[in-house]
Amino acid sequence: MALTTHQKDLFEEYTDEYEEVLNDAYVCPSIEWLTKFHDNFLEEFDWNDTKIVNILKEEIEDINASKGRATMSTVGEDIIVVLSTPLMQRAHSMKSSGEVVFVDNSGYLDRCHCYVYVIMAYSCTEGLPLGLLITTSASVDTLTAGFKLLAETLPDKAFGSFGRQGPEVFLTANDDALQHSLKIVYPESAVLLCAYDMFHELWRWLWNPENGIEESDRCTLSLLHTNHADKNCRRIH
C-alpha cells in the first residue's frame, strides 16, 4: 500500500519522466532494500531495558562529573532517573522559583517508553528548568518516589530558599497521578491546574464527537469559557 501510494505520487510529479524516475533506486528503492534497511535499523537501535539502563548510567556519570547532581533508582520494575544540572541549581536562587513553578509532563520518549517531567520557574526572559524527572511509569507510587528522590538532589536552599517545603504553587496539566504525587511530597504547596491545559482540555472535549457538541457551537462555547476565566482572573487581581 505504501509503495503504491509513493508510485502514484511520483507519477503525478514526474508524469513525462515517470519510467526513468521509477527505476531510480534513490527515489524509489525496492522493497528488498527497504526490508534490509529496516532490519539493520532495528538491530542497531534495539532499545531494550539493559541498553537503556547502561545509557542512563553513562549520562548520570557525565552530569555528576560536571558538578551537577543525578541519580537513578527503581520502584519494582520501574526505573526512576532524576537530575539537577549546575544551571538548574543556580535557577533555584531566583525568588520566582519559590513562587509559581510549572511541571511540564508533555514529553514522552517513545522508543524508550519513558515519561519526562520538567520542573520550571518563570524569569524575565523565559522559563528556566529547576529539575528533571524521567520514569518508565506514570503511576502515583512511581511519581511520588521520583519527586522524593529529586528533592534529595536539589540544593539545600531550593525553591527560593523554601527548601523541602517546596514552592507556593505548582501548576500542572490535568493529570491526577501527577497532582496527587506532588501533594504527597510537598503538602504545604498548592497544586493547581494550568490555565493553558484547562483550555486545551476544553477544546479537545468540545471537538470530541462523542460529546455531541455541534460544530457551529464549539467556537462560541470556547470563547464564552475564555471570557469567563479572564473575568475571574481580573477579579482576583
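How many disulfides does the structure hold? The answer is zero. The legends below describe close-up views of a predicted model.

**View 1. Two buried cysteines, Cys28 and Cys114**. Cys28 has a relative accessible area of 10%. That value makes Cys28 buried, because the cut-off for buried is under 20%. Cys114 is also buried, with a relative accessible area of 5%. A disulfide is a covalent bond between the sulfur atoms of two cysteines.

**View 2. Ser137 in the loop between β5 and α6**. Strand β5 covers residues 128-135. Helix α6 covers residues 140-153. Ser137 sits in the loop between these two elements. Is Ser137 buried or exposed? Ser137 is buried, because its relative accessible area of 14% falls under 20%.

**View 3. The surroundings of Ser137**. The side chain of Ser137 reaches the backbone nitrogen of Ser139 at 3.2 Å. Which residues does Ser137 touch, not counting those up to four places away in sequence? They are Asp78, Tyr115, Thr142 and Leu143. Thr142 and Leu143 lie in α6, residues 140-153.

**View 4. Strands β6 and β7, joined in parallel**. Strand β6 spans residues 169-172. Strand β7 spans residues 190-193. The two strands run parallel, and four bridges join them. Thr172 has Leu193 of β7 as its bridge partner. From β6 the chain crosses through helix α8, residues 176-185, to β7. This β-α-β crossover is right-handed.

Technical notes:
Residues are numbered from 1 along each chain as its sequence is written. This is a predicted model: local features need pLDDT of at least 70, side-chain atom pairs count only at pLDDT 80 or more; totals for chains, interfaces and linings use all residues. Side-chain values use heavy atoms; hydrogens and water are left out. A disulfide is a pair of cysteine sulfur atoms within 2.5 Å. Buried means under 20% relative accessible area, exposed over 50%, partly exposed in between (1.4 Å probe, protein chains only). A polar contact is a pair of N or O atoms within 3.5 Å; within protein, one must be able to donate a hydrogen and the other to accept it, and residues adjacent in sequence count only if both atoms are side-chain atoms. Contact means heavy atoms within 4.5 Å. Two strands pair if DSSP finds at least two bridges between them. A crossover is right-handed if, with the strands pointing away from the viewer, the path from the first strand over the helix to the second runs clockwise.
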